[in-house]
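Keep the picture turning as you read.

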Amino acid sequence: YNGFREDESCESPLNVYGFSKLLVDNWIRKAGFFKSNSIYSLRYFNVYGMGEENKGSMSSPVYKFYNQALDSKEIKVFEGSDSFYRDFVSVDDVINVNLQCAFDNITPGIYNVGSGKKISFLNVANIVQEFFEKNIKITNIRMPDNLSDRYQSNTHGNLIELRKAGYKEKMIDPEIGIKKYLLDLSQA
C-alpha cells in the first residue's frame, strides 16, 4: 500500500508508459508549477466502466471477462490470479475527481485516483461468473513471457494525499461498481 504513494521513493515504473508519466510529474515538480498554477497530475488505477469498447486490448479485465463469458461461456485468467490484486476504480469516480479538480477547491498536485480497495483478478472473474448465473467456466492460462517480468502483482491506490487536497467524495466499492457495470453492459 505504501508503494503507491505520491512520493519519489515509491516511483519505479515497469514500462515506458509509466516512465513517461513519471518524467512529466518530475518536470512539473522541479519547475514548481504546482505552486503557481492549477496543474493536476492524476494517476488512475484500473479504470472500468461504460465506454470501454474502443480501448481494445487496454480495456479493463471486467470488460474482457464479460465479453469472454458472453462469447465463449469461459473466462480466462492467468494462473495465480487469486493473488494478483488491482485497485479497480469506476469511471464515474474518475470523472468526479476530474470535475472537482477543474471546478472545486482541490489543491493542485499529484494524486492517486483509485477506489482505495484492492481485489483479485479471480474475484473479478467470480463476480462476472455469478452475474451470468450460467455455467461459465473459469480457466487458468499461463502468463505470456513478455508480461512476466513487468507484471505488478499488487496495486492499491493510497488516497491520503487526494483526501488532504480536499476531495471528500466516497469512492465506489469495486465489488458493487463492477456488478452495476455488468448490468449496464447487459442493457446496452
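Find helix α5, which covers residues 121-132 of this predicted model. Its 12 residues reach 17 Å from the first C-alpha to the last, close to the 16 Å expected at 1.5 Å a residue. Now look at which of its residues are hidden: F121, V124, A125, I127, V128 and F132 are buried. If you look down the axis of α5, these buried residues fall within an arc of 155°, so they line one face of the helix. An α-helix has 3.6 residues a turn, so residues three or four places apart point the same way. Just after α5 comes E133, which takes a positive phi of about 50°.

Setting aside neighbours within four places in sequence, V124 is in contact with V62, F65, F88, I119 and I178.

Next, move to helix α3, where you will find Y63. Is Y63 buried or exposed? Its relative accessibility is 17%, and the limit for buried is under 20%, so Y63 counts as buried. Beyond its neighbours within four places in sequence, Y63 is in contact with E52, E53, Y181 and L185. Y63 and L182 are 119 residues apart along the chain, yet their C-alpha atoms are separated by 8.2 Å. Follow the chain onward to the loop between α3 and β3, and you reach K73. This residue has a positive phi of about 60° although it is not a glycine. K73 is partly exposed, with a relative accessible area of 37%.

Finally, let's turn to charges. Side chains of opposite charge can pair when their charged atoms come close. How many salt bridges does a search of the whole structure find? The search finds 6. One of them joins K55 to E52, with the closest N and O atoms 3.7 Å apart.

Another salt bridge links K164 with E161, and here the closest N and O atoms are 3.1 Å apart. Both residues lie in helix α7 (residues 160-164), 3 residues apart, or about one turn of the helix. K164 is exposed at 60% relative accessibility, while E161 is partly exposed at 32%.

The side chains of D184 and K180 meet in a salt bridge of 2.9 Å, N to O. These residues are 4 apart in α8, so about one helical turn separates them. D184 is partly exposed with a relative accessible area of 24%, and K180 is also partly exposed, at 47%. To finish, look for K117, D173 and E175, which are linked in a network of salt bridges.

Conventions: Residues are numbered from 1 along each chain as its sequence is written. This is a predicted model: local features need pLDDT of at least 70, side-chain atom pairs count only at pLDDT 80 or more; totals for chains, interfaces and linings use all residues. Side-chain values use heavy atoms; hydrogens and water are left out. Helices (H or I, at least four residues) and strands (E, at least two) are DSSP runs, numbered from the N terminus. The expected span of a helix is 1.5 Å times one less than its number of residues. Buried means under 20% relative accessible area, exposed over 50%, partly exposed in between (1.4 Å probe, protein chains only). The arc is that of the directions from the helix axis to the C-beta atoms. Contact means heavy atoms within 4.5 Å. A salt bridge is a side-chain nitrogen of Lys or Arg within 4 Å of a carboxyl oxygen of Asp or Glu.
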